[in-house]
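Subject: Structure handed over

Hello,

Here is the structure for you to look at. My notes on what was found follow below it.

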Amino acid sequence: MPATKSRNAAASKTAARSSDAHQHDGHCCDHDHGPVCEMSIRRFKKEDFKGLQAAWKSGDIATDDTDSLRAIEKNLKERVNSYRVFVAEAQMLDAKSQRKQGESRVAGGVIVTFDGHRSFVYHLAVHVDFRGVGLGAALLKTCEQQAKLWGARHLRLSARVDDSRAPARAMYGENGWAVDKTIWIYRKTLPK
Ligand SMILES: CC(C)(COP(=O)(O)OP(=O)(O)OC[C@H]1O[C@@H](n2cnc3c(N)ncnc32)[C@H](O)[C@@H]1OP(=O)(O)O)[C@@H](O)C(=O)NCCC(=O)NCCS
């Protein structure tokens with residue numbers, strides 16, 4: 001059941017105080033009806049992989065073998081100061097009683113990297129069951145905080161131009177991201 005559309009209060013709640021921007025805890029807030037879920041943004045652990053994959057699949061994120069658990073773990077180990085994976089863990093609350101419903105689960109995730117100059121945001125997705133309650137904006141904000149901690153001032157991401165990315169475009173715009181019409185993205189795939 002996709003959650004109802006609402007504004008997010010959690011994203012700006014807690015500023016990171018260490019070299020990791022993973023300290024968001026709070027409610028997925030709906031101003032009309034009270035919190036609709038509890039959420040925290042934290043660093044990826046290997047047990048999160050299935051949930052992360054499910055969120056990516058749900059968001060139609062194009063993944064390949066560089067997104068395997070093995071590849072992620074290798075990057076996390078070798079690129080300690082330039083690669084992070086964050087997940088949103090969430091648990092729905094009953095709208096009336098505010099009682100917890102079901103299990104807390106990984107509902108979304110994102111990758112953020114730093115190349116010494118720019119930070120790049122990749123694979124941001126929230127599972128369809130948890131959309132519209134602030135997790136996407138919280139994940140994006142976490143990437144921005146992480147980039148700042150790394151010393152990056154410029155952030156980039158690429159997004160498909162089709163309608164499936166309309167919510168993402170709105171989210172980026174609302175969070176101060178602008179489309180750069182002066183550059184093209186070039187691609188090339190090297191043979192294995
Ligand atoms: C884009 C995505 C990550 C947003 O996650 P989310 O948790 O649903 O977003 P939030 O609840 O945090 O909302 C943040 C903002 O996104 C925009 N937004 C979210 N859902 C929207 C919708 N259905 N229609 C229009 N705008 C929407 C709004 O600007 C919203 O801000 P608001 O609540 O102040 O209006 C999610 O829709 C998703 O996973 N989509 C598929 C994958 C994808 O497009 N990833 C981006 C790749 S570039």
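Three elements each supply at least two residues of the shell around the ligand: strand E5 (118-126), helix H3 (135-150) and helix H4 (166-174). The contribution of H4 is the greatest, at five residues. The ligand has 20 residues around it, and those that come nearest are Gly59, Arg131, Gly136, Pro167 and Met171. Sorted by class, the shell around the ligand consists of eleven nonpolar, five polar and four charged residues.

Please keep in mind that this is a predicted model. The protein has a mean pLDDT of 88, with 86% of its residues at 70 or more. One stretch to treat separately is residues 1-17, where the pLDDT is below 50. In the model, this stretch has 58 contacts beyond near neighbours in sequence.

On the fold as a whole, the protein contains six strands and four helices. Read from the N terminus, the order of elements is β-β-α-α-β-β-β-α-β-α.

Two totals complete the notes. The protein has 192 residues, of which 32% count as buried. Taking the contacts in the protein between residues at least 6 apart in sequence, 63% join residues at least 24 apart.

Regards

Technical notes: Residues numbered from 1 in each chain as written. Predicted model: local features only at pLDDT ≥ 70, side-chain atom pairs only at ≥ 80, totals over all residues. pLDDT = per-residue confidence, 0-100. Contact = placed C-beta atoms within 7 Å. Buried ≥ 20, exposed ≤ 12 C-beta atoms within 10 Å, placed from the backbone. Near = placed C-beta within 6 Å. Nonpolar A, V, L, I, M, F, W, Y, C, P; charged D, E, K, R; others polar.
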